[in-house]
Amino acid sequence: QRVNLSGVMGAHLVRRYVTEPDTEPDPARKYEFDPQFGFPERKEREMVASQEQMNLAQLPLEQRDYCAQYLLKLMKCKRDNWPNFLACKHERHDWDYCEHQDYVMRMKEYERERRLQLRKKRIEAQAEAA
Amino acid sequence: MTSTSLTMASSLIIIFTLLSYPVLTTLAPKPRRPDWALSHAKTAVKLAFFISLLPLFLFLNEGAETIVTSWSWMNTGTFDINISLKFDHYSTIFTPIALYVTWSILEFASWYMHSDPHMNRFFKYLLIFLIAMIVLVTANNMFQLFIGWEGVGIMSFLLIGWWHGRADANTAALQAVVYNRVGDIGLILAMAWMAMNLNSWEMQQMFAASKNLDLTLPLLGLILAATGKSAQFGLHPWLPSAMEGPTPVSALLHSSTMVVAGIFLLIRMSPLLETNPAALTICLCLGALTTLFTATCALTQNDIKKIVAFSTSSQLGLMMVTIGLNQPQLAFLHICTHAFFKAMLFLCSGSIIHSLNDEQDIRKMGGMHHLTPFTSSCLTIGSLALTGTPFLAGFFSKDAIIEALNTSHLNAWALTMTLIATSFTAIYSLRVIFFVSMGFPRFNPLSPINENNPTVINPIKRLAWGSIIAGLLITSNISPLKTPVMTMPPLLKLAALIVTISGLLIALELASLTSMQYKPTPRLTPHHFSNMLGFFPTLIHRLTPKLNLALGQMIASQTIDQTWLEKTGPKATFSSNLPLITTTSNAQQGFIKTYLTLFLMSLIIAALAFID
């Protein structure tokens, strides 16, 4: 009789506040499980754009993320191609795609944390039943 | 000084000179030429616009932002007030847009006000307003901003009350001044706090010195200032009342430039705002409430200018929502695109009003699409841009705002309010077009309809071009300072469009009901709420002054007199002495027994005192 909420928009909110409030992770807080848990080898992400490059471009703090190299290329393209403001579509797409992949990565991390929490709950329930 | 900053500063000084020259020459006793308004005032603004393009192109080409501090004005040992001009991204883009819109409005005003005997004075007031606005926008310190702020407030008062023989116009002007004054309390509070705690009114010093301080109080002051100037809920009634002024005034002040001054202040202070989540939430909720409330009020108004005024107020609420989302650049983008299409909506309304012999009630218009095709087409273009039709000017700003709203981790109530207000925008825009352009004329056939006048057509045409391409131009040339979130489910992405189209369909359905026989029993309560502007003016405009004046009267005439007379003065002496007097005279009744008792008691007390 469980309602299948997967694929419904706002499902995470229903889970968080109504159906599974104790296992749903809070994105504002740090996640409980170790990033390496369950993976044979996992490297930490590395910034491609260096700090001097970002400093020279005077990037605001929020834009200094893992996609900053594409943003720097975009800024350079725009500066070089002005007044042709229609020019830098490819660089803009690269930056947008990198940010999109970053967003998808964050969604996957959230889902991983949620499933690990559910697994933890199942294990605890089994231990109690035994 | 590098050549870029020198060029930018010189351009602005030339602009100020160009704009002040027509104003100052009117101080001479010789009367002006009959076409002074067109030949001097409008030409000055047109030239100023082209000159202001120079800093804009320098900024776009080089990304150059400069701050020019030119004149030490009042300097003490620790506190400096200088004339300081800031050419950053916001002022460099806003100044050409303001000048372009003003150029078009001045050209239109030379037709609209041509029968006015004091047209030259009108143009002079508009020029003074423009100078004050540019002072506000290029200010790098709070003092200069305050000069511009008060300047635009005063010119708004003078221009709203232009037809000062009309009592309603005077009331509206006074309303504008009083509501703005309440907002100014907030601004002065913020300025005083900053002078005391940050020891400076220069923006750079303020941002640097405020890193770890709790800024809630000055931010609340700034939000109050923005509420007053930008007609947010609570201090909003002056904006629809300001439609008593001539249409060029409404187009310039109360749609494009003056009312955005409050939002502009918050954009300037955004480095302070972004550290304080409480202030951001206040902005968000206030903006959401404003945009929904004023959109609701716009649904049932019958005066075309009032509908556009409430539309302006609704868009200002949307800008406040954007600031609450911590996206000042998007709010600024909406200011720029909104200036074009809202000014054009006002100019089209003005053209229609004059064509119908000063008829402003949309129930008495109709069929204008056949009679003034150009004007009604531009009305349609402006309304489409306002509702956020894809790829017109409004789309780039409005859709970006709603996407940012949908993808942010915040208040769902504010989100719902804003989406409902977006659909209401479509509804009242369609209502205007349905009543004005479509159908058959509901006015007398003898109307001085003639839109075939280049003084009317050219400004509207220029603003129409702006409404179409400004969004694309600005977003393509400016790099975003905050990364936009582009990943969202399709429903969220299309939310603004779906809400607008559903509003449009509802409005079409409602409009078609007017020609059917089926008349359901009307539910009057929502209509009354909307038509009477939520009863806000009805309740507040009489009640608050009455309570305050009654309190003042009570204090002045009764409380003070009562205090000095009865509590501390002669009557107090009387009332404190009376018990003593009563007791004493009650004791001395003439009874020998009382006297004997008293004599014996004092004897005993004296004896006891002497024994010990």
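Because the model is predicted, local features are reported only at pLDDT of at least 70 and side-chain atom pairs only at pLDDT 80 or more, whereas totals for chains, interfaces and linings use all residues. Residues are numbered from 1 along each chain as its sequence is written, chains are lettered from A in the order in which they are written, and side-chain values use heavy atoms, with hydrogens and water left out.

Chain B holds 26 helices and 2 strands, where helices (H or I, at least four residues) and strands (E, at least two) are DSSP runs numbered from the N terminus. The C-alpha trace of chain B spans about 115 × 75 × 65 Å along its principal axes. Of its 612 residues, 55% count as buried; buried means under 20% relative accessible area, exposed over 50%, and partly exposed in between (1.4 Å probe, protein chains only). Among the contacts (heavy atoms within 4.5 Å) in chain B with a separation of 6 or more, 81% join residues 24 or more positions apart. An unreviewed UniProt entry lists residues 139–422 of chain B as "domain: NADH:quinone oxidoreductase/Mrp antiporter transmembrane"; UniProt positions are given in the numbering used here, feature names are shortened, and annotations may be inferred rather than shown by experiment. Over this stretch the chain is 75% helix and 0% strand, with its end C-alpha atoms 33 Å apart.

Turning to the interface, 14 residues from chain A and 17 residues from chain B take part in the contact. The area buried between the two chains is about 1,700 Å², and carbon and sulfur atoms give 64% of it; buried area is the accessible area (1.4 Å probe) that two parts lose on being put together, summed over both. Met9(A), Trp82(A) and Phe85(A) supply 37% of the area that chain A buries against chain B, more than any other three residues. There are also 5 residue pairs in polar contact between the chains, both residues being at pLDDT 80 or more. A polar contact is a pair of N or O atoms within 3.5 Å; within protein, one must be able to donate a hydrogen and the other to accept it, and residues adjacent in sequence count only if both atoms are side-chain atoms. On the side of chain A that touches chain B, helix 3 (68–81) and helix 4 (89–129) are the elements that give two or more residues, and helix 4 of chain A has the largest share, with 6 residues. Trp82(A), named above, is joined to Pro83(A) by a cis peptide bond with omega of about 10 degrees, and Pro83(A) sits in the loop between helix 3 and helix 4 of chain A.

Lys482(B) counts as buried at 17% relative accessibility, while Glu274(B) is partly exposed at 36%.

Within chain A, Arg106(A) and Asp102(A) form a salt bridge (2.3 Å, N to O); both lie in helix 4, 4 residues apart, about one turn of the helix. Asp102(A) is buried at 10% relative accessibility, and Arg106(A) is partly exposed at 46%.

Asn357(B), in the loop between helix 15 (328–355) and helix 16 (368–371), is exposed at 57% relative accessibility. Leu533(B), in the loop between helix 23 (524–531) and helix 24 (536–567), is buried at 16%.

Key
Salt bridge = Lys/Arg side-chain N within 4 Å of Asp/Glu carboxyl O.
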